Amino acid sequence: MVDRHEDILAAEHEIYYPPPEVVEKAYIKDYDAVREKALADIEAFWAERAQELDWFEPWEKVLDDSNAPFYKWFVGAKTNIVHNALDRHINTWRKNKIALIWEGEPGDQRSYSYYRLWQEVNKFANVLRSLGVKKGDTVTIYMGRVPELPIAMLATAKIGAIHSVVYGGFSEQALADRIHDAQSRVLITADGAWLRGKTVNLKDIADEAVHRSPVVEHMVVVKRTGQQVNMEQGRDYWYHELMSLPIASPHCETEVMDAEDPLFILYTSGTTGKPKGVLHTHGGYQVYTSTTLKWVFDIKDDDRWWCAADPGWITGHSYIVYAPLILGATSFMYEGAPNYPYPDRWWRMVEKYGITILYTAPTAIRGLMRFGDAWPKRHDLSSLRLLGSVGEPINPEAWRWYYRVIGKEKCPIMDTWWQTETGGFMITPVPSYPLKPGSATKPFPGIDAEIVDEEGDPVKPNEDGYLVIKKPWPGMARTVWGDPDRYVKQYWERYKEKGYYLTGDSARKDEDGYFWIIGRIDDVIKVSGYRLGTAEIESALVSHPAVAEAAVIGIPDELKGNVIWAYVILKQGVEGSDKLVDELKQHVRHETGPITVPAKIFFVDSLPKTRSGKIMRRVLKARALGKDVGDTSTLAD
Ligand code: WT7
């Protein structure tokens, strides 16, 4: 069993100083001073950062807090993030620089210069326009990790429409719910995706989702695997066929957007069953993501940046697609599984493409660590100069392995704490800053983070509390799509008087002011870095005819961070059996996708509840871990 508090105590005094050559190269040499200066005047700080980008028209006001918590940034400015990510590079030497290098799981390769990517985006933007997509419409995108995914996102944003990318590992119901919530009339998908040498039938899943959410009028299908798919006449079109029509001209006017116009919706789990559509906008998001990437990973023109996340998550939106392109960087993207066909697939590609910065998740690091040191040692990893981690707390053991075996003790590890809602890195080191394994170190400049008690007062060093953000920042989510009340309730109600943003994480600060994230305080469970809501999995279980009631909890796991255990009350007359366990797992896989499948399912007669009927998952968890169940005075039975 893994215990975060024990990890923290063990690593609290273990300090790693950056090598001199890293410090010399770093944009930010005195992180503490830059942070202090930024916090003294956040508006001046962000205005200065925003000057590095192009704006069609300047802002009248940096921050408008008159309708808090609905903050507005760069009020009155006109822009389009795609202008900064692509258009502006075409008139510079970067025109022929490589923007994206891609490798498919079967080993096929492609690369796009800034000019070629710009052309592809323009062509597809024209295709979307010809399908009737207009400014303010939503477009849902559901596919694997192929270049057409970023192309579709950028094309959507270029014409002022709003993309909603649904991760390719989600089930038909999850996709249907998201299409319905966003009311997308166009869905962009693929015939299939490669994963571990097999193909996933994305088009079949998309067909079923559209059957359940019939708002979709057109589907554009990228041919990736070549498998047989059903194409409905008049509704479905092949991407490559549309792209070869005269309407797909390589020139396309970029829509002029207000800084606060919506850029994308990204669904994420919260405390209630329905996933939230987190909304980000053009202006603040472009400033925030590009500044954070530039300073935290010291992006230089000769870098080859590899963010190994999926573009379908916020990490991919911000740090595969938008920020690297805004900075004019070269990015690498890989389609498949890290251990396919062998556990050295990643290290082979680091060597082959000369990757200089690798950014991944603790669960991937632990997974690769399990195969031993021999696999990475076979490859020349000397191109690497920085490493990164995101998604969940990294345990010091995995941190040390990553540092020693992958980074050869010369690559500082940027452990970046942030969320879908924050748009970009919030608590993170920069390359010149001393590190402690397992700590995300300090808040980024302009970010006023604190750890507080129930009343909102700061707790003492080494005490656990709630992580809050005290001042707004440009990359913050603007609302929950179609449900502004939920936005207020979820993030701002808890510390309403003080105006703090509630992150939903618990954390502590040590005596040196280093932040240590502990974990979620709400009904969200992190499995392999994926954020899952207990309510979604419980409702999937309850939708099975044999189940009366269900509760799920997260149990610490060496590899995945957490795994799910489910407690199920069966309907009268139904007998629990191993066969039923398998059937329920299958059912959950079908309803909400493979990541949400419980590792264990227990049949029980009752669940611990409060008198008002709320399931006390805390009690289930304490019992499962053999711990003291704590205060149960509110327990009904
Ligand atoms: C939650 C947000 C932001 C990109 C991926 C996840 C956890 C994220 C760290 C980290 C400890 C972390 C938090 C957070 N988390 N990064 N470096 N150290 N915990 O985005 O799916 O919105 O999840 O992930 O619990 O609240 P997300």
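**Notebook: ligand shell and overall fold**

Started with the shell around the ligand and sorted it by class: I get six nonpolar, five polar and six charged residues. I'm keeping in mind that this is a predicted model.

Next I asked who sits nearest. Of the 17 residues around the ligand, Asp-415, Thr-416, Thr-420, Arg-520 and Arg-531 come nearest.

Asp-415 puts a polar side-chain atom 2.7 Å from a ligand nitrogen. Gly-391 uses its backbone instead, with an N or O atom 3.0 Å from a nitrogen atom of the ligand. For a ligand oxygen I found Gln-419, whose polar side-chain atom lies 2.9 Å away. How much of the ligand does the protein bury? I get 94% of the 560 Å² that the ligand exposes when taken alone.

Zoomed out to the whole protein chain. I count 20 helices and 30 strands. The radius of gyration comes to 24 Å, close to the 26 Å that the globule rule gives for 637 residues, so I'm noting the chain as being as compact as a globular protein of that length. Along the principal axes, the C-alpha trace spans about 70 × 60 × 60 Å.

Last, burial and contacts. Buried residues make up 62% of the 637 in the chain. The chain exposes about 24300 Å², and carbon and sulfur atoms supply 49% of that. Looking at contacts between residues at least 6 apart in sequence, I see that 72% join residues at least 24 apart.

Definitions and conventions. Residues are numbered from 1 along each chain as its sequence is written. This is a predicted model: local features need pLDDT of at least 70, side-chain atom pairs count only at pLDDT 80 or more; totals for chains, interfaces and linings use all residues. Side-chain values use heavy atoms; hydrogens and water are left out. A residue is near a molecule or strand if one of its heavy atoms lies within 4 Å of it. A polar contact is a pair of N or O atoms within 3.5 Å; within protein, one must be able to donate a hydrogen and the other to accept it, and residues adjacent in sequence count only if both atoms are side-chain atoms. Accessible areas come from the Shrake-Rupley method with a 1.4 Å probe; for residues, only the protein chains shown count as cover. Ala, Val, Leu, Ile, Met, Phe, Trp, Tyr, Cys and Pro count as nonpolar, Asp, Glu, Lys and Arg as charged, and the others, Gly among them, as polar. Helices (H or I, at least four residues) and strands (E, at least two) are DSSP runs, numbered from the N terminus. The radius of gyration is taken over C-alpha atoms; the globule rule is 2.2 Å times the number of residues to the power 0.38. Buried means under 20% relative accessible area, exposed over 50%, partly exposed in between (1.4 Å probe, protein chains only). Contact means heavy atoms within 4.5 Å.
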